[in-house]
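I opened the file today and kept notes in the order in which I looked things up.

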Amino acid sequence: MKVRLHIKGKNLWRLCTLIVLCIVLSCCYTIIDSVDQPGSAVVGSTVKITVNVKNSCNSSGTARIIFGFLTPKGWKTGDNAKVTYSSSKGDGNMVLLPANSTIIAAHSNGVNWPTYMKNFFGNAGNLIDDVEWVAYQSDVPVNYNNGDKITGTINITINNIGADGNPTLVKLAYVVANDQNGFTFDGNDGDSSPTTEYYNEFVNPSCFELTGGTGDLVDFCNPQLTTIDPPKSLDNDIVTLTYNNNVVTPALLANSSAVYLCATATMSDGKTVTVCDQSAQTMLTQTSATSGIYRLTFWPRKLFGATTGQTVISMTYFITDKSGSTKIGYGGTSAPFTYKFKCT
Amino acid sequence: MNNHFILKKQAYLFIAAMALLWTSCKMERIAPVTESKKDLTGTWKVVQATRNGTNLLPIYDFTQFSIKFDATTGSYNLLNPVPFIVGADGKFSLDDPQYPYKLTFTAAGATPVATAFNYPIINGTRQIIMTFSPGCSQNTYVFTLSKTN
């Protein structure tokens, strides 16, 4: 006897299953073919960048385009950039997903797109942690079919580049993905590689150079003899100065457990204060034996003895050995390092 | 005769059970417990400190710093200051002594600065957790203070 199953609304169930399967399996491999980006620009000018993208789809579905752009925080790219897309599936605007966006990214364990990008791609080889992923998504979802080969461009126009006024050397990076697959790859096709990933990151190998501007050079690309954390701070912050004795070979200072800060501060009233005494308050201690990395954490107001109503606006400094006779300056020269206490 | 005795016994049992039931319950009047006033009086020291998530305790000396609250005069005193919500001595206040949400510091001759009042009990002792930016607004410091004996 043949048993017939009678399922109420059979066709509806079939349709639902098909839709669910489509959602689960909807995938397009994405690759950034090339990025048309100038090698340098002047602070305050307008810069146009084109990201050329190719997609290859192995099913049909619907997804929004996700785009991420890594730039220094001081550029305020979210405020100053306009991003659009044009593709064989249509054109439109890319909408900013701000740092406090409430849209949770797919496959991200519950964080938003800017955070997911930061967690997944880090600082893309930039050495100072003062860069941010600025995230966008397409204004409308894009429909695609099995076997589609989609080509398109993401077009970025940055007005007033370098909004903080600092000349800069930075590695710009780009990410293209879709809002369904996040930063995942096709597990059936083996390991994560550009041909199995539903996303693609492109890091420009050469440093983008921003010239002009009134601030100090911010170099994200090259290891620096000294760095200051937080990169932007005032005299009432707690500041960590790091000296890296490994940047120049042979090392500029002999390996020892400590080196010293020799600094001259300029106060808001025009007075200068020099602290150069090779004592405990100026001692940079080595992080571990033979690491060659030396650190001093200090409160600038206290170190330079700022009085009430007086602020420290900048400092010039050298790194010295215990005797104070060998002085290391900017780039290993006899010119001092400079640091301005400011928030932008 | 025997039956009569059992019935009588059951009646006694019933009466005894009723008596027990009757006396077992009694009306209890619950007096509302008054929430204690949050008294900060004492000397507080830093037991945890972070800057933008980086632990500052191993790299900066907080051992000399302390803040002394005096609830009777409403004043506080800083000893060996470090970058903090306020840089000078002055007055402090809680927005509600029983259920405070805000702790306000008014340094002498300065405008009042408020911080969220976070007052958990950790390992049996009260702690105050404060979040503030003494320098650039994008640099966030979180200090946990504990009362010294």
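**Entry 1**

I began with strand β6 (residues 102-107) of chain B, which pairs with strand β7 (residues 113-116) of chain B in the antiparallel sense over four bridges. I note here that this is a predicted model.

I then looked for the partner of F105(B) and found V113(B), its bridge partner in β7(B).

**Entry 2: chain B as a whole**

I listed the secondary structure of chain B and got one helix and ten strands.

I looked up the overall dimensions next. The C-alpha atoms of chain B fill a box of roughly 100 × 35 × 30 Å along the principal axes. The radius of gyration of chain B is 29 Å, whereas a compact globule of 149 residues would have one near 15 Å.

I also looked at burial, and 16% of the 149 residues of chain B count as buried. For contacts in chain B between residues at least 6 apart in sequence, I noted that 34% join residues at least 24 apart.

**Entry 3: where the chains touch**

**Entry 4: a sheet in chain A**

I turned to chain A and found an open sheet of four strands in the order β2-β14-β11-β15, with mixed pairing. Its edge strands are β2 (40-42) and β15 (218-219) of chain A, each of which pairs on one side only.

Within this sheet I followed strand β11 (residues 168-170) of chain A, which is joined to strand β14 (residues 208-211) of chain A by three bridges and runs antiparallel to it. Opposite V170(A) I found F208(A) in β14(A). I kept one general point beside this entry: side chains in a regular strand alternate between the two faces of the sheet.

**Entry 5: domains of chain A**

Last, I looked up how chain A is divided, and the bounds are 27-211 for domain 1 and 223-340 for domain 2. The centres of domain 1 of chain A and domain 2 of chain A, taken over C-alpha atoms, are separated by 38 Å.

Notes: Residues are numbered from 1 along each chain as its sequence is written. Chains are lettered from A and ligands numbered from 1 in the order in which they are written. This is a predicted model: local features need pLDDT of at least 70, side-chain atom pairs count only at pLDDT 80 or more; totals for chains, interfaces and linings use all residues. Two strands pair if DSSP finds at least two bridges between them. Helices (H or I, at least four residues) and strands (E, at least two) are DSSP runs, numbered from the N terminus. Domain bounds come from an automatic or database domain assignment. The radius of gyration is taken over C-alpha atoms; the globule rule is 2.2 Å times the number of residues to the power 0.38. A residue is buried if 20 or more other C-beta atoms lie within 10 Å of its own, exposed if 12 or fewer, and partly exposed in between; C-beta atoms are placed from the backbone. Two residues are in contact if their C-beta atoms, placed from the backbone, lie within 7 Å.
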